[in-house]
Amino acid sequence: MFSNVKSFGVSGVGGYEVSVEVFITNGLPGFEVVGLPDAAVKEARERVRAAIKNNGYKFPVSRMTVNLAPADKKKAGTVYDLPILIGILAAAGDIKAPAEDCAFVGELSLTGELRRINGALPMAIAAMRSGIKKLFVPEENAPEAAFAKEIEVYPVKNISQLIGHLKGEELIEAAVAPEPEELNRNIPDFSDVKAQENVKRAFEIAAAGGHNILVIGPPGAGKSMMAKRLPGIMPDMSREEIIECTEIHSVSGLTSRETPIVCQRPFRSPHHTVSSAGLAGGGTVPRPGEISLAHNGVLFLDELPEFRSDALEVLRQPLEDGEVTVSRVSGSVTFPSRFMLVCAMNPCKCGWYGHPSGRCKCSEKDVRRYHSRISGPLLDRIDIIVEVPALEYDELKRREPAESSKDIKKRVNAARQMQRARYGEQSTMCNAHIGTKELREFCALDDEAETLMKEAFEAMGLSARSYDRILRVSRTIADLAGSENIQSEHIAEAIQFRSYEFI
């Protein structure tokens, strides 16, 4: 007796098809799972056995072999519990074999209830691409999987309900994809930030062009406060960006019934003790790190010099390439990592260098040693560097609200719309990520701007990468001003954001 049930697995952040083949024959009773299963997959034997018996079915007292094909690819996790159970019942003749366009994923409890799994959206997208029309998933995963569209996703509570549906006795209603607008969370507002207009302008430019930014100032000046409000002024996410982010968070187990999809730009703020593997990703079965969880969003590194140097250097290649490759003995996995790097640091070890109170006792040598913890190549990849001054008493006691995030976001969205029109409506490219070809085409300078740029290049000793980054920031400033061409004042403002004394 033989049956073949379609299922899916996850590799990296993408899904792939798995055929669950069940063969029951005479011989000494046994239950073997083959096809490179890990420990969790092997343990499915006991969960499936208990679930079958607890739902009133007879577990075959025969020799059973379950093959997970392709057999040369490592299978991990508990997603194969449900297709193994369906395969056994079909091979034993207790139920009719499912149709070719049906697939099953899910973890079983001993009583036959279905539990939530990781990676539902990547598997649903893989199922859609494989021609699957009906996908059966645990009830908690159904809203997430339904976001794939073009495929019917059925939420399953337990085995009895599923078998009743397969027999046509009581049909399960297909899940409806959630609407992103209904899942918006509250984000702190820039109207809470007093004064600091120059710094808020820098954050607005960074959000409009997707630029990396470093803010430097004494404790309590508002560096972290403004960084946490950045997602509230970043442009709205496209459907493609929502799917990309949700896939990453899904395989990491960060989606839930309340937040089945990631519809707001991620904001990740790892502690400065994080390891290089914690940032880049890793593990025996590679999982995304912080830089991938921040994909299409913000990676905020507070107290930048306190991070380990090897962890910071991990950022260099992903900042350029927009992806990170994790290699292990079992193979290599590439995770997307197109994020906006936001860093904050004090001007010195004590934090009060240059403060009018004179409370800082650090020498200039101490200050330079503190700044030297950040490598030149990493600083070269930061587009905007801005100082955050300490607030005066008169600024703190102001009662009138500052400009809201909603108003700032309108300008950011308008600038991004100009970029979409320039680079293609379907493109998610922003000014920070344009290549050499686009720089030559869209960042041409007139004579006055060219002269200013040349003077800055020679006076500041800029590298070729820094030169390109000033051009990109200038392009964003021009977009915020609604200008088709880069003017000298746009270049001047961009240069201002790279003129920090110790960098």
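Biologist: Where is the place of Ala311?
Modeller: Helices are DSSP runs of H or I with at least four residues, strands are runs of E with at least two, and both are numbered from the N terminus. Residues 309–313 form the helix that holds Ala311. That helix is α12.

Biologist: What kind of model is this?
Modeller: Residues are numbered from 1 along each chain as its sequence is written, and side-chain values use heavy atoms, leaving out hydrogens and water. Local features need pLDDT of at least 70, side-chain atom pairs count only at pLDDT 80 or more, and totals for chains, interfaces and linings use all residues: this is a predicted model.

Biologist: Is Ala311 buried or exposed?
Modeller: Buried means under 20% relative accessible area, exposed means over 50%, and partly exposed lies in between (1.4 Å probe, protein chains only). Ala311 has 0% relative accessibility, so Ala311 counts as buried.

Biologist: How many Å separate the C-alpha atoms of Ala207 and Val412?
Modeller: Ala207 is in helix α7, residues 197–209. Ala207 counts as buried because its relative accessibility is 0%. Along the chain, Ala207 and Val412 are 205 residues apart.

Biologist: Which residue in the hairpin of β1 and β2 takes a positive phi?
Modeller: The hairpin has two residues between its strands. The phi in question is near 70° and belongs to Gly12.

Biologist: What is the phi of Asn296?
Modeller: Most residues other than glycine have a negative phi. Asn296 is not a glycine, yet its phi is positive. Asn296 lies in the loop between α11 (290–293) and β14 (298–301), and it counts as buried because its relative accessibility is 10%. Its phi is about 65°.

Biologist: What is the phi of Glu303?
Modeller: Glu303 lies in the loop between β14 and α12. At 28% relative accessibility, Glu303 counts as partly exposed. Glu303 is not a glycine either, but has a positive phi of about 55°.

Biologist: Is the peptide bond from Ala69 to Pro70 cis or trans?
Modeller: Most peptide bonds are trans. Pro70 is in the loop between β4 (63–69) and α3 (81–91). From Ala69 to Pro70, omega is near 10°, and the bond is cis.

Biologist: Which helix gives the most to the negative patch?
Modeller: Patches are made of residues with over 30% relative accessible area and no salt bridge; like charges are joined within 9 Å, and nonpolar side chains (Val, Leu, Ile, Met, Phe, Trp, Tyr) within 5 Å. A salt bridge is a side-chain nitrogen of Lys or Arg within 4 Å of a carboxyl oxygen of Asp or Glu. On the surface, Asp446, Asp447, Glu448, Glu450 and Glu489 gather in a patch of negative charge. Three of its residues come from residues 447–460, which form helix α19.

Biologist: What is the relative accessible area of Asp446?
Modeller: Asp446 is in the loop between α18 (436–442) and α19. Asp446 is partly exposed because its relative accessible area is 32%.

Definitions and conventions:
Areas by Shrake-Rupley, 256 points an atom, 1.4 Å probe, with all protein chains shown as cover. Lys, Arg positive; Asp, Glu negative; His and termini not counted. Charge placed at Lys NZ, Arg CZ, Asp CG, Glu CD. Pairing = 2+ DSSP bridges.
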